[in-house]
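Let's take a walk through a protein model together, one stop at a time.

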Amino acid sequence: MKTRKIISISGICVFLIVLIIIIYTQKSITAETIIISKTDVYQYVEDTAIAKCKGAQTVYTEGMGKIISVNFNIGDKVKKGDILLSLDKTDLEFQLKDAEAKVKNARAQLESTDTKNYANKILEAEATVEQCEVSMDAAYRNFETSKSLYEAGAISKDDLNKSEDTYKTASALLKSAKAQLNEIKNGAPSYLKSSYISQLEQALIYRSSILKSLEKQEVRSPIDGIILEKLVDDNSIVSKGTAAFIVGDVKNIELEANILSDDSYKVNVGNEVEISGDSIANTVLKGKIIKIAPQAKIITSALGVNQSRVPVTIEILNNSGILKPGYNVDIKIITSYKKNVIAVPDSLVFNYNGNSCVFVLQNGKAVIRQVEKGLEGDKLIEITKGLKEGDIIIKPNNNIKEGAKIKTKQSKN
C-alpha cells in the first residue's frame with residue numbers, strides 16, 4: 001500500500017509539471033517586432049569641430065612704438081586698406097624732414113652742373129686764360145732776353161735756368177686754363193656729375209626708407225571682413241611682429257576638426273559630413289572634407305590625456321548664416337555607406353553559438369535564424385544573407401526563447 005501511494009504521488013507531480021509546461025508554452029510573450037524593409041546604412045567617424053572664418057588673417061604690427069589710436073573694435077566691418085591702428089610717428093617725421101632736405105640739396109648740386117648755370121664760370125675761365133697768355137708771353141720774352149744776356153756773359157747759368165723755368169710754368173698754366181675753359185663750355189666734368197647723381201640717389205633711398213617706415217606705423221586691413229579679435233589697446237607699447245587683430249569674412253565659414261589618428265585612415269577628401277549641435281539649435285547642416293593634414297599632432301584632451309589627432313578641414317555646403325566663428329559643433333564624417341539594402345537595428349543582432357543571429361517571427365513563434373553581416377553603420381547593420389524584405393524580426397529580451405509564442409508589438413524599420 002505504501003508503495004502504491006508513493007507511485008500515485010509521483011504521477012501527480014509529473015502531471016502537474018507537464019501541465020505547467022503546457023500552460024507556460026501556451027502563454028504569449030509580448031515583444032516588439034520590426035518588419036524588414038530596405039534602407040540606407042551609413043558608417044561614421046564622430047567627433048567635434050570648431051567654426052572658423054575661411055581665410056581669416058592675423059594682422060601684425062610692422063612698426064614699433066606707442067599706439068596712438070585704435071580705430072576698430074570686435075564686430076566692426078572693415079574694407080581692405082582701412083587703417084586699423086596708428087603708431088607714434090614723431091621721430092620718423094623729423095627724419096623725413098632731414099631726408100627731404102638732403103634730396104633738395106643733392107638735386108640743387110646736380111642742377112648746378114648744367115651749362116646754363118656756368119655762364120659766370122665761363123667768363124672767369126676765359127679771363128684766366130687771357131691772364132695766363134699774358135704771363136706766358138712775358139715769360140717767353142724774358143727767357144729769350146736771358147739767353148742773349150747769358151751768351152754775352154751778363155748773367156749766370158743759374159739766372160738763365162730760372163727764366164726758362166718761369167716760361168715753362170707759365171706755359172703749363174696756360175694749357176691748364178684752356179683745358180678748364182673747354183670743360184666748363186662742355187658742361188660739368190663727368191666725374192662731378194656722377195658724384196652728384198650718386199648723392200641724389202642715396203638721398204632718395206634714405207627718404208624712401210623713412211616713408212616706408214612711416215607706412216609701417218599704420219596697420220591696415222589686408223581684406224574685406226569683420227574684426228573677429230582685437231589684441232591690442234590704445235596707448236600700449238608694441239614691437240615689430242605684435243599680433244594686433246584677427247580679420248575674417250563671417251559669410252565664408254569652414255570647420256576645423258581634429259580626429260583620432262586611429263580613425264583617420266577611414267577618412268578621405270570628399271567624404272560627406274553631417275553637422276549638428278546645440279550651438280546651431282539642432283539644425284543639421286551638410287559639409288564635405290576638403291583637406292586632411294599630412295601628419296598627426298599631439299593634443300591634450302579636456303581630461304589631460306595626450307592624444308594623437310589628425311587635423312581636417314570641412315567645407316560647409318548650406319550654412320545660410322546660422323553658423324558663426326567660434327561655434328563648437330558635432331560632426332559625423334560619412335566614411336562608407338550602402339543604399340537600399342536589407343538592414344536591422346544593431347540591438348536585434350546577437351551572438352548564438354559563435355554565429356550572428358536574430359529572432360524571426362514564424363507562425364507566431366520565435367525562431368533563431370543565422371545571418372551574415374555587411375556594413376555596420378550608425379545603429380544599423382547591413383544583413384547580406386539570412387533575411388529578406390517582409391520578414392518580421394523580434395526584439396530580443398531575457399524572456400524570449402526559441403519556440404516561444406509571441407504577441408507582437410510592431411514598429412517600423
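**A walk through the model**

Start at N363, which counts as exposed, with 81% relative accessibility. Here, buried means under 20% relative accessible area, exposed means over 50%, and partly exposed is in between (1.4 Å probe, protein chains only). Before going on, a word on the ground rules: this is a predicted model, where local features need pLDDT of at least 70, side-chain atom pairs count only at pLDDT 80 or more, and totals for chains, interfaces and linings use all residues. Residues are numbered from 1 along each chain as its sequence is written, and side-chain values use heavy atoms, with hydrogens and water left out.

Back to N363: you'll find it in the loop between β18 (355-362) and β19 (365-370). Those labels come from DSSP runs, numbered from the N terminus: helices are H or I with at least four residues, and strands are E with at least two. The backbone of N363 has a positive phi of about 55°, although this residue is not a glycine. N340 is another non-glycine residue with a positive phi, near 55°, but N340 lies in strand β16.

Now for some rings. A pair of aromatic rings is described by the distance of the centres and the angle of the planes. To count as a pair, rings of Phe, Tyr and Trp (its six-membered ring) must have centres within 6.5 Å; planes under 30 degrees apart are stacked, over 60 edge-to-face, and the rest tilted. How many aromatic pairs does a search of the whole structure find? There are five. One of them joins Y42 and Y337, a tilted pair at 6.0 Å centre to centre with 35° between the planes. Y42 sits in strand β2 (residues 38-53) and Y337 in strand β16 (residues 328-345), so this pair ties together parts that are 295 residues apart in sequence.

Y140 belongs to helix α3 (residues 119-151) and Y167 to helix α4 (residues 157-185), so the parts tied together are 27 residues apart in sequence. Y140 is partly exposed at 39%, and so is Y167 at 23%.

Ring pairs also link Y42, Y44 and Y337 into a cluster. K332 lies over the face of Y44, at 5.1 Å from the ring centre. The rule for such a charge is that NZ of Lys or CZ of Arg is within 6 Å of the ring centre and within 35 degrees of the ring normal.

Next, look along helix α2 (residues 90-111). Which residues of α2 are buried? They are L92, L96, A99, V103 and A106.

Finish with a sheet. Four strands form an open, antiparallel sheet in the order β3-β10-β8-β5, where strands pair if DSSP finds at least two bridges between them. Its edge strands are β3 (57-60) and β5 (77-78), each pairing on one side only. Inside the order, four bridges join β8 (residues 225-230) to β10 (residues 243-248), and K230 stands opposite F245 in β10.
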